Amino acid sequence: MLVKRWSVSAAVIVVLTAFLLALLHLEAPAAHAKAAAPAVSPGSYGSGTLGPWQANERVISDSAAVRETVKNNGVVLFGDSIAVQDGAALGQLIGQQLHTSFAEYSWAGQPTSAAVDAMAAWAREYGLPRRIVMAVGSNDIFDPPAFAAQVERALRIAGPDRTVYWVDVQVSRTDEPAAVQVADQRNSEWINLQLEQAALHHPDLRIVPWAEFLAAHPERLHTDLRDGRHTTVPAGQNARNALILQAIRHT
């Protein structure tokens with residue numbers, strides 16, 4: 001199992017990094033043309049730094065919906081800006097296909113640490129159902145080494161009687177210079193490898209293979225992503241939500 005997981009990750013890295021390196025070569029003249037623009041700090045890992053996010057758009061279910069979801073042992077979602085866009089559609093899909101309730105806490109720009117804080121708060125106030133979807137990690141490309149500890153923290157909060165479905169990460173922001181796009185890709189894979197390592201030791205952690213899905217057909221980076229990170233609607237949204245639903249159904 002360890003060999004298989006690392007082989008898949010290696011294949012994803014090769015396919016997507018090759019694609020981005022080709023992009024870097026093609027975009028080099030444009031990058032030189034912008035040399036006079038003010039430099040932006042690449043941060044410690046080449047992707048820049050996470051800016052303020054607390055005033056960003058959010059979708060948070062009210063207490064009645066959360067209590068109903070916990071009571072019915074439905075599905076809760078903790079997500080970032082992708083989930084802000086796609087969460088309602090996922091909730092409808094879960095209702096139609098699994099005939100159960102759904103609640104979410106999604107906040108654009110939040111890192112995994114903030115989502116786990118919210119998970120802990122819900123656990124204290126409402127309890128948690130046995131199925132938890134974590135659709136966060138994209139904003140951890142700015143500080144990848146901090147991610148693993150948050151995964152472990154989330155799993156401790158969930159406990160052994162719940163299953164955590166974690167959507168892996170694919171970020172390579174097309175509105176950034178090509179060198180940053182390559183750093184984003186490298187940091188995305190770093191995060192995903194940490195997820196895979198955690199799954200080896202936690203049978204209650206299931207990875208939703210979004211990055212692998214995209215890498216299997218690189219054209220999906222254009223058809224299913226609108227800016228290198230957020231899903232297109234409906235194609236990317238439907239594909240990602242279908243992967244989440246499939247993971248839940250096959251538990």
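**Exercise 1.** Which residue follows α2 with a positive phi, and what is the value of that phi near?

Solution. The model is predicted. In it, α2 is followed by Asn-73. The phi of Asn-73 is positive, near 55°.

**Exercise 2.** Find which residues of helix α2 are buried, and explain why they lie on the same side.

Solution. 
- Step 1: α2 runs over residues 63–71, and its buried residues include Val-66, Thr-69 and Val-70.
- Step 2: In general, an α-helix has 3.6 residues a turn, so residues three or four places apart point the same way.
- Step 3: On the face turned away from the buried side, α2 carries the exposed residues Ala-64 and Lys-71.
- Step 4: Among the elements covering the buried residues of α2 are β2 (75–79), β3 (102–107) and α4 (112–125).

**Exercise 3.** Describe the largest nonpolar core and the contacts of Trp-122.

Solution. 
- Step 1: The largest nonpolar core has 35 residues; those touching the most other members are Phe-78, Trp-122, Ile-132, Met-134, Trp-166 and Leu-205.
- Step 2: Elements that each supply at least two residues of this core include α2, β2, β3 and α4.
- Step 3: The largest share, six residues, comes from α4.
- Step 4: Leaving aside neighbours within four places in sequence, Trp-122 is in contact with residues including Val-66, Val-76, Phe-78, Ala-103 and Tyr-105.
- Step 5: A second, separate core of 21 residues includes Val-133, Ala-135, Trp-210 and Ala-247.

How values were computed
Residues are numbered from 1 along each chain as its sequence is written. This is a predicted model: local features need pLDDT of at least 70, side-chain atom pairs count only at pLDDT 80 or more; totals for chains, interfaces and linings use all residues. Side-chain values use heavy atoms; hydrogens and water are left out. Buried means under 20% relative accessible area, exposed over 50%, partly exposed in between (1.4 Å probe, protein chains only). Helices (H or I, at least four residues) and strands (E, at least two) are DSSP runs, numbered from the N terminus. The arc is that of the directions from the helix axis to the C-beta atoms. Contact means heavy atoms within 4.5 Å. A nonpolar core is a set of buried Ala, Val, Leu, Ile, Met, Phe, Trp, Tyr and Cys residues joined through side-chain atoms within 4.5 Å.
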